[in-house]
Amino acid sequence: MSRPWWRDAVCYEIYVRSFADSTGDGVGDLAGVRGRLPYLRDLGVDAIWLTPFYRSPMADHGYDVADPRDVDPLFGDLGDIGALLADAHALGVRVIVDVVPNHSSDQHPWFRSALAAPPQSPERDRYIFRDGRGPSGAEPPNNWDSVFGGPAWTRVRDGQWYLHMFTPEQPDLNWRNPEVRADYEHTLRFWLDRGVDGFRIDVAHGLVKHPQLEDNPGGFDPERMGHGEHDRNSWDQPEVHDIYRDWRRVLASYPGDPVTVGEIWLRDDEATARYVREDELDLAFNFRLLLAGWDAGQLRRAIDESVAAMAEVGAPTTWVLSNHDVARQVTRYGGGEVGVRRARAAVLLMLALPGAAFLYAGEELGLADVDVPPEARRDPIWARSGHTRVGRDGARVPLPWSGDAPPYGFSPNGARPWLPMPADWAPVTVAAQERDPGSTLTLYRRALALRRSQLRLQPPELGWLPAAADCLVLQRGDLLCAVNLGRAPAPLPPGRVLLASEPPSDDQLPTDTAAWLLASR
Ligand code: NOJ
């Protein structure tokens, strides 16, 4: 059997609101993405992942879906997504769409009819409605917290409560209800029939909750990324796996190996691996690299443990350094020149690894998080947390394409972008970096081209060669990837340098630098 395309694909995440605006309203849209497809082909990615563009009141920027089978007018219409798919395929770029099965919008017709219907009605059973605790039912049914802050329950007029693991505008669906399951199958087929190449599944580990909705042992701690023991009753219940077995049967009836990739924020690698057993999802995001600091030991452990966990179930590993929910890697690694330097080295390490790699739009420009002023913040986390958590806006600022001043070609008519763009981004625009052989964009293009021409030919097995302190030397077949995370230059391993994140000198690898080499035989 031939290897499916996604096993070692490079997939580029497009946060649609922030990629390219074709209409001049300051918000990115599908026609904007379509117009930039040649850029993505030239960058050398195999696929793009589009964040939700469905009908939505935008309480969580589209992750609150009112109709999963239609396009929100803010982003275009069904004709736009059809045209985007056709053009992308003509350029050899596959398209993955984001589905949000854990919850709907509170404006979804199902939720509106649930509110209008009495307790215990079939309409309410599509969601998770319960009576409250305490003598008059005035306390929430359990102690669960919303991921965005505050209780996970909101009370409705007749006194019942409904569950929302995110904002109150995102009521959780009841996946124990067969109608919910059948409707989602309809959604998957709707998009597969239109030619999408797969799905990114939002909160894939969360669809089924504890059958009795028992209290969690400990409240949610936003600093502890990923779900685990403290909130075990809200996530990762055994029955969730049946859903993905059903979905696999749906996808298997379509040609072209459409892919499923689950967003599974669990802190236990083995639990994550259970989602990619042979008859379930194809891929699970692996956030271990993203969570590791700029530290040789942490990165090596993240890599070894991820590979080992996936090998147990025979699935390929995936790698992620950033996405629209976390601070950009340049910022995490210290910001400024040091942050950029480390991020350039980190991507060479990531792209040398076997498995599928996910890039987040803007990382190829070396963008850092933007310090969005409080009055301009739009992430619901900011308001929901009582202004104690800044939220994710800093990583969602629109992309700079060209020019010397905001909106840097993001909008056609100089419109004000939905999040303010910094005044000092002229040197990092796509147009500026395309002309510069030393730019981060040029590095990404070279790395992706070499990954296609050379790395994919290497065996998936990886090993580690002896290395100086604070250095890593990874080997895959003939390829070596050396990374110097220390404070002083370190000797380069013998071999021919194919690419380096900073120029090596005198066979020395500078600090915060990575290089790919063809091993000498
Ligand atoms: C994960 C998505 O990536 C995030 O942006 C969203 O807010 C939550 N899921 C809720 O849908």
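**Group meeting: a walk through one predicted model**

Serine 121 counts as buried because its relative accessibility is 8%, where buried means under 20% relative accessible area, exposed over 50% and partly exposed in between, using a 1.4 Å probe and protein chains only. This is a predicted model, in which local features need pLDDT of at least 70, side-chain atom pairs count only at pLDDT 80 or more, and totals for chains, interfaces and linings use all residues. Residues are numbered from 1 along each chain as its sequence is written, and side-chain values use heavy atoms, with hydrogens and water left out.

Back to serine 121. It is found in the loop between α4 (109-116) and β6 (129-130); helices (H or I, at least four residues) and strands (E, at least two) are DSSP runs, numbered from the N terminus. Its side chain reaches the backbone oxygen of proline 118 at 2.6 Å.

Next, glutamate 363, in the loop between β13 (356-360) and α12 (380-384). What glutamate 363 does have is a polar contact of 2.6 Å, side chain to side chain, with tyrosine 444. A polar contact is a pair of N or O atoms within 3.5 Å; within protein, one must be able to donate a hydrogen and the other to accept it, and residues adjacent in sequence count only if both atoms are side-chain atoms.

Now the ligand. It is surrounded by 14 residues, and the closest are Asp60, Asp202, His324, Asp325 and Arg392; near means that a heavy atom of the residue lies within 4 Å. Aspartate 60 has a polar side-chain atom 2.5 Å from a ligand oxygen. For aspartate 325, a side-chain N or O atom is also 2.5 Å from an oxygen of the ligand. For arginine 392, the distance from a polar side-chain atom to a ligand oxygen is 3.0 Å.

The largest nonpolar core has 147 residues, a core being a set of buried Ala, Val, Leu, Ile, Met, Phe, Trp, Tyr and Cys residues joined through side-chain atoms within 4.5 Å. Helix α11 (residues 336-352) gives the largest share of this core, nine residues.
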